[in-house]
Amino acid sequence: MNSAVKQPPEPPDAPAPAAAAAAAPSAAAYRNLVMATIGFALTFWAWNLIAPMSGDYKDRLGLSSFQQSLLVAVPVLVGSLGRIPVGALTDRYGAKLMFPLVSALTIVPVLLLIPARNSYGAMLAVGFLLGLGGTTFAIGVPLVNSWFPPARRGFALGVFGMGMGGVALSGYFTPRIAKHGDNLPSLVVAGALVVFALLAAVLVSDHPGRKVPTDTLAHRLGDAARLRVTWELSALYAIGFGGIVAFGVYLPTYLKTWYEMSPTEAGAKAAGFALVTVVFRPIGGWLSDRVHPALVTAGALLLAALMAVVQAFEPPLNPTGTIALLAMAAGLGTASGSVFALVSQVTPQAKVGSVTGIVGAMGGLGGFVPPLVMGAIYSAKDSYAIGFMLLSDLALAGCVYAYARMRNLQRGG
């Protein structure tokens, strides 16, 4: 007689053991998230090394406002466009190769800033190469996305997005380090990148279930470009993250010029703005795990639009201007987190890198144009009001589109 007791079947709605395990991210997932976030922050610091010292370069090299804006904007442009091929290469070769490789290559232009600092042409050339540091965003998103289940991706990608705090680190620490030696910021950042590249080669790992595409780079980018949602997300990210990048690189100049601050004080205030965007990015992702991310995006962009109108009236910095800028930072940071929660939901896993590359590029390009526009407007009108009104118009348009169109997109795995 068989003494084994036959177990009753599980009810149909009980989660399968494998599904329950999949819902809890592994230790490896958190290890990769930490490494990706640190790498993102360090490479973004490198990417933004010129902006906090742009006032010094302007005085040293006798630059106009437009020349100063161009110097600040060139790394943003190159870093943005570079995300497109880097994202597709990450789909193909994985973050385990790409993260340490790109981090190590970024050391070269960081060190080249030292001999280039007395020549505007050389600074533009080095700024072009520094753009490489801005491409790691397209490496980290597919890495984090692959390790976390759909219900946790919004928050995880928001935490990764905190790496953009490298802009805040640069804004605060670069001028202070430079007081102890003009070349010291480059040496400190280069040393940090060396350490990270070595650690990343050991600690970063691709998900065992990662699907490796076999088609060509051009074909993958073409597939991603043919998705309508790629360009919809690109437009929204160009407003949200583009606004963050634009203020990250231009706010020190704006504060120094309009409010007559010292470079150190302006850098500290700009770092505070960037810090708020960093804090609110995971909040945007966390909210998007609970509410449709399009609704989060719409609300965040509406807040940014309203605060840009306030700042367009050029209020005194204390307290109105400070409140307006920090609230704008909160809105832009939240929108950046929620847009990439949308990317993770509506993009097939094998195409996340390619789509991220395009969306990230458009976000970075959104940050390339405003500093040039702000510099040109100030040179012509001796005022920044028109620039802030343009930002308000764009944010309001993004708010309407996110609510009217993007909220109809269904959640997906």
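Here are some friendly notes on the predicted model above.

1. Ground rules. Residues are numbered from 1 along each chain as its sequence is written. In this predicted model, local features need pLDDT of at least 70 and side-chain atom pairs count only at pLDDT 80 or more, while totals for chains, interfaces and linings use all residues, and side-chain values use heavy atoms, with hydrogens and water left out.

2. Overall build. The chain holds 17 helices and zero strands (DSSP runs numbered from the N terminus: H or I of at least four residues for helices, E of at least two for strands). Its radius of gyration is 22 Å, which agrees with the value near 22 Å for a compact globule of 413 residues (taken over C-alpha atoms; the rule is 2.2 Å times the number of residues to the power 0.38). Along the principal axes, the C-alpha trace spans about 95 × 45 × 40 Å.

3. Burial. Of the 413 residues, 56% are buried (under 20% relative accessible area; exposed is over 50%, and partly exposed lies in between, with a 1.4 Å probe and protein chains only).

4. Two backbone spots worth a look. Most residues other than glycine have a negative phi, and most peptide bonds are trans. Glu314, though not a glycine, has a positive phi of about 50°; this residue sits in the loop between helix H14 (293-312) and H15 and is partly exposed at 25% relative accessible area. The peptide bond joining Asn318 and Pro319 is cis, with omega about 0°, and Pro319 belongs to helix H15 (residues 317-346).

5. Asp56 pairs with Arg60, their closest N and O atoms 2.8 Å apart; the two are four residues apart in helix H3 (residues 54-61), so about one helical turn separates them. In helix H12 (residues 228-258), Arg228 and Glu232 are also four residues apart, and their salt bridge has closest N and O atoms 2.8 Å apart. Arg228 is exposed at 53% relative accessibility, whereas Glu232 is buried at 6%. A network of salt bridges links Arg228, Glu232 and Arg405.

6. Asp182 forms a salt bridge with Arg117, with closest N and O atoms 2.5 Å apart. This pair links distant parts of the chain, 65 residues apart: Asp182 is in the loop between helix H9 (166-178) and helix H10 (184-203), and Arg117 in the loop between helix H5 (95-116) and H6. Arg117 counts as buried, at 13% relative accessibility.

Technical notes:
Salt bridge = Lys/Arg side-chain N within 4 Å of Asp/Glu carboxyl O.
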